[in-house]
Amino acid sequence: DMGKVLSLGPLKVVPMPELIRHVACGGRHAVLVSRSGVVFGLGSNDKVQLGVGQSMLSQPSVLALDLDGPVVSAAAGEDHTLLLLASGVVATLGSNAFGQLGVSSFLLATQAGVFFPVLPRASSVCCGSFRSACICEGNAYVWGRLASANMMEHSFAPQMLHVEDCPTVFDIAVGSTHFAVLTHAKLNNQIRVAAESISNGSGGPPIGVSHLSLSPRSLLPVQN
């Protein structure tokens, strides 16, 4: 039934005042974007990840956000949210403890508000638990909780993720300890996926992306 949101466990159908085009789930919150670009929030708001004053929203509620235009998509992390505006602008809300809002101060982690990382025009956004990513004009940008060879690092400003021999990135997915990007590498005319883990898998220190680069050895062919 269009215009309703289905919640599982226990099963509940929540009527919505508008048709919903996009849904994103975070650690304890959810964001819904309507066809007209209105943003609804549901769940925990303890880190202002829904940008409103209440600490919990038990029903989907319109978020009173000072945005310059409609929203077309959203992504949600553990306690932060990314919104993609129709203009290509990215807005961020919630905790900035690891730099996941893309702004330059730990002090903003406890301040309510909407922030706008300095980025080119974006076409998609994505979140991991404590990190953020987007695609801008064929390039992938990442920020928040990243890794170096020996320790976790925080990037408070978006950094371009370079994929060797693959100049154009079409899509990106972000996990707790890794990235995966969809690229077009002109090797046998195949679309390929590049993936790079930043965890060594043994419980030790993270490895791999201090230079924010994906190696060609990571390219995986995708069957047509």
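Search the whole structure for aromatic pairs and you find one. For a pair to count, the ring centres of Phe, Tyr or Trp (its six-membered ring) must lie within 6.5 Å; planes under 30 degrees apart are called stacked, over 60 edge-to-face, and the rest tilted. The partners here are phenylalanine 98 and phenylalanine 130, and the pair is tilted, with 4.9 Å centre to centre and 50° between the planes. Phenylalanine 98 sits in the loop between β9 (90-94) and β10 (122-127), and phenylalanine 130 in the loop between β10 and β11 (131-136), so the pair ties together parts that are 32 residues apart in sequence. Strands here are DSSP runs (E, at least two residues), numbered from the N terminus, while helices would be H or I runs of at least four residues.

A word on what you're looking at: this is a predicted model, where local features need pLDDT of at least 70 and side-chain atom pairs count only at pLDDT 80 or more, while totals for chains, interfaces and linings use all residues. Residues are numbered from 1 along each chain as its sequence is written, and side-chain values use heavy atoms, with hydrogens and water left out.

How accessible are the two rings? Phenylalanine 98 counts as partly exposed at 21% relative accessibility, and phenylalanine 130 counts as partly exposed at 24%. The scale calls a residue buried under 20% relative accessible area, exposed over 50% and partly exposed in between (1.4 Å probe, protein chains only).

Now for the charges. The structure holds two salt bridges, each defined as a side-chain nitrogen of Lys or Arg within 4 Å of a carboxyl oxygen of Asp or Glu. In one of them, aspartate 46 meets arginine 28, with the closest N and O atoms 2.8 Å apart. Aspartate 46 is in the loop between β5 (39-44) and β6 (56-62) and arginine 28 in the loop between β3 (20-25) and β4 (29-34), so this pair links distant parts of the chain, 18 residues apart. Aspartate 46 is partly exposed at 38%, and arginine 28 is partly exposed at 48%.

The other bridge joins lysine 47 to aspartate 79, the closest N and O atoms being 3.5 Å apart. Lysine 47 lies in the loop between β5 and β6 and aspartate 79 in the loop between β7 (71-76) and β8 (80-85), so parts 32 residues apart in sequence are tied together. Lysine 47 is partly exposed at 34%, whereas aspartate 79 is buried at 8%.

On to the strands. β7, β8 and β9 make an open three-stranded sheet in the order β7-β8-β9, paired antiparallel. β7 and β9 are its edge strands, each pairing on one side only, and the twist averages 20° from one strand to the next. (Two strands pair if DSSP finds at least two bridges between them; the angles run from 0 to 180 degrees between N-to-C directions, with axes as lines fitted to C-alpha atoms, for helices over the stretch in contact.) β8 and β9 share five bridges in the antiparallel sense, and histidine 80 stands opposite glycine 94 in β9.

Serine 124 stands opposite isoleucine 135 in β11. How many residues of β11 are buried? Six of its six. Arg131, Ala133 and Ile135 point one way, Ser132, Cys134 and Cys136 the other way, and all are buried.
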